[in-house]
Amino acid sequence: MRKVYIKNRDELIVLHPDTVAYMLADGNYTKIVYISGVQVVLTMGISKVEQLFAESIDSDNTCEFVRLGRSLVINQNFLHHINVAKQKLTLFDGNKNTLSLQLPKQLLKTYKADLTEE
C-alpha cells in the first residue's frame, strides 16, 4: 500500500491514498476523510494535496481521484450511487463503510454525464 508523508516542524502525518474517500477544501486547509470515517485536517490547500497524491501514484495504481468543483476531490473507486434529485453522492467500500455527501444538483448532473460518456 502506498503512502504519502506530510511533515512540518512538529509532526509527521502519514496518509494512505488507497483508503481516502474524499478531500474537502476549507480555505488554506484540507480535510481528508477516509472511507472508515476517520478525518485528518491538513494545513495546506487542496491543490497541493492533490499534487502530493499524484506524485505517489505508480504504474500499478488503481486509485482514481477526481475533482468535483472547487472544493471536493473524491476517490472514484468508492463511488456507489449518485442521486441527482436528492443531491446525494454515496461512497461505499464494499464491506460496511458508507459515506454520503450532499452536493449541488448541477455538479452531480455534470459528473454523472461525464461518467456515462466514457
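**Entry 1: ground rules.** I call a residue buried under 20% relative accessible area, exposed over 50%, and partly exposed in between (1.4 Å probe, protein chains only). By that scale Val-14, at 32% relative accessibility, counts as partly exposed. This is a predicted model, so I note that local features need pLDDT of at least 70 and side-chain atom pairs count only at pLDDT 80 or more, while totals for chains, interfaces and linings use all residues. Residues are numbered from 1 along each chain as its sequence is written, and side-chain values use heavy atoms, with hydrogens and water left out.

Entry 2: I stayed with Val-14, which lies in strand 2. Strands here are DSSP runs of E with at least two residues, helices are runs of H or I with at least four, and both are numbered from the N terminus.

**Entry 3: salt bridges.** How many salt bridges does a search of the whole structure find? It finds 3, each one a side-chain nitrogen of Lys or Arg within 4 Å of a carboxyl oxygen of Asp or Glu.

- Asp-18 and Arg-2 meet at 3.1 Å, N to O. The pair links distant parts of the chain, 16 residues apart: Asp-18 is in the loop between strand 2 (12-15) and strand 3 (20-26), and Arg-2 is in the segment before strand 1 (4-7). Asp-18 is partly exposed at 29%, whereas Arg-2 is buried at 12%.
- Arg-9 and Asp-10 meet at 3.3 Å, N to O. Both Arg-9 and Asp-10 are exposed.
- Arg-67 pairs with Glu-50, the closest N and O atoms being 2.4 Å apart. Arg-67 lies in strand 6 (residues 65-68) and Glu-50 in helix 1 (residues 46-56), so this bridge ties together parts that are 17 residues apart in sequence. Arg-67 is partly exposed at 32%, and Glu-50 is partly exposed at 25%.

**Entry 4: strand 7.** Which way do the side chains of strand 7 (residues 72-75) point? Leu-72 and Ile-74 point one way, Val-73 and Asn-75 the other, and all are buried. In a regular strand the side chains alternate between the two faces of the sheet.

I then checked the partners; two strands pair if DSSP finds at least two bridges between them. Strand 7 pairs with strand 3 in the antiparallel sense over 3 bridges, where Met-23 stands opposite Val-73. Strand 7 also pairs with strand 6, antiparallel, over 4 bridges, and there Val-66 stands opposite Ile-74. The hairpin of strand 6 and strand 7 has 3 residues between the strands, and Gly-69 takes a positive phi near 75° in it.

**Entry 5: cores.** A nonpolar core is a set of buried Ala, Val, Leu, Ile, Met, Phe, Trp, Tyr and Cys residues joined through side-chain atoms within 4.5 Å. Ile-74 turned up again: in the largest core, of 17 residues, Tyr-22, Ile-74, Leu-89, Leu-91 and Leu-101 touch the most other members. A second, separate core of 16 residues includes Val-4, Leu-15, Leu-42 and Val-73.
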